[in-house]
Amino acid sequence: NHSPICSCNPGFTGDPFSRCFPVPPPPPPPADPIIRDPCVPSPCGPNSQCRDIGGSPSCSCLPDYQGTPPNCRPECTINPDCPSNQACMRQKCRDPCPGSCGAGAQCNVINHTPVCTCPEGYTGDPFTSCFPKPPDVEPVQASDPCNPSPCGPNAQCNNGICTCLPEYQGDPYSGCRPECVINTDCPRDRACIRNKCQDPCPG
């Protein structure tokens, strides 16, 4: 009808009789809410594990560890952590005897240390093997010509030969006697004093 028709070009908007401007981009969609993991970083400490329970951290010690987070620790780290009859092996209190002693030996733990011994009636190296003791062989004794003694009383035997003891006299094979026992054993001018014939006058 003889009238001009104005319109904005595609991608533009506004009043085509005064001004067109670019269509603004649509606003970005609302961002998803940020979900935070309460276990990152872990609040539980070493040797522990963290679980997300309803958005809150739940701490517990790892298997083979004991205590309460954040103080989880192994059962032992050194022998004194264990009873005296056990030793700390791979962070566990265990009996140290298995595999420590030789065949046939017996093991006792003293102050965390295995002590190996051969049982009664056995001998050998208890850390290698124990075996029965061989029967005792009585040594062959050389014949002793003085056992039994061929000598009489108050005599001594030396390689089968008898002699009277000092201060004794007589036949050593039948018996030795002192010089005197009573006065009549002595000459008339002597007396028997302490088994000796002596002059009785002095004193």
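This is a predicted model: local features need pLDDT of at least 70, side-chain atom pairs count only at pLDDT 80 or more; totals for chains, interfaces and linings use all residues.
Local features need pLDDT of at least 70 and side-chain atom pairs pLDDT 80 or more, while totals for chains, interfaces and linings use all residues. Residues are numbered from 1 along each chain as its sequence is written, and side-chain values use heavy atoms, without hydrogens and water.

The protein chain comprises domain 1 (39–74), domain 2 (79–132) and domain 3 (155–198); these bounds come from an automatic or database domain assignment. The C-alpha centres of domains 1 and 3 are 103 Å apart.

The structure contains 14 disulfides (cysteine sulfur pairs within 2.5 Å). In one of them, the sulfur atoms of Cys44 and Cys59 are 1.9 Å apart. The S-S torsion is about -75°, so this disulfide is left-handed. Cys44 is buried at 1% relative accessibility, whereas Cys59 is partly exposed at 32% (buried is under 20% relative accessible area, exposed over 50%, partly exposed in between; 1.4 Å probe, protein chains only). Cys61 and Cys72 are also bonded, at 2.0 Å between sulfurs. Their link is left-handed, with -85° about the S-S bond. Both residues, Cys61 and Cys72, are buried. The link of Cys76 and Cys88 is right-handed, at 95°. Cys201 is exposed, at 63% relative accessibility.

The largest nonpolar core has five residues: Cys151, Ala155, Cys162, Cys164 and Cys176. Such a core is a set of buried Ala, Val, Leu, Ile, Met, Phe, Trp, Tyr and Cys residues joined through side-chain atoms within 4.5 Å.

Strands E1 (residues 12–15) and E2 (residues 19–22) pair antiparallel over four bridges. Strands are DSSP runs (E, at least two residues), numbered from the N terminus, and pairing requires at least two DSSP bridges. Thr13 has Phe21 of E2 as its bridge partner.
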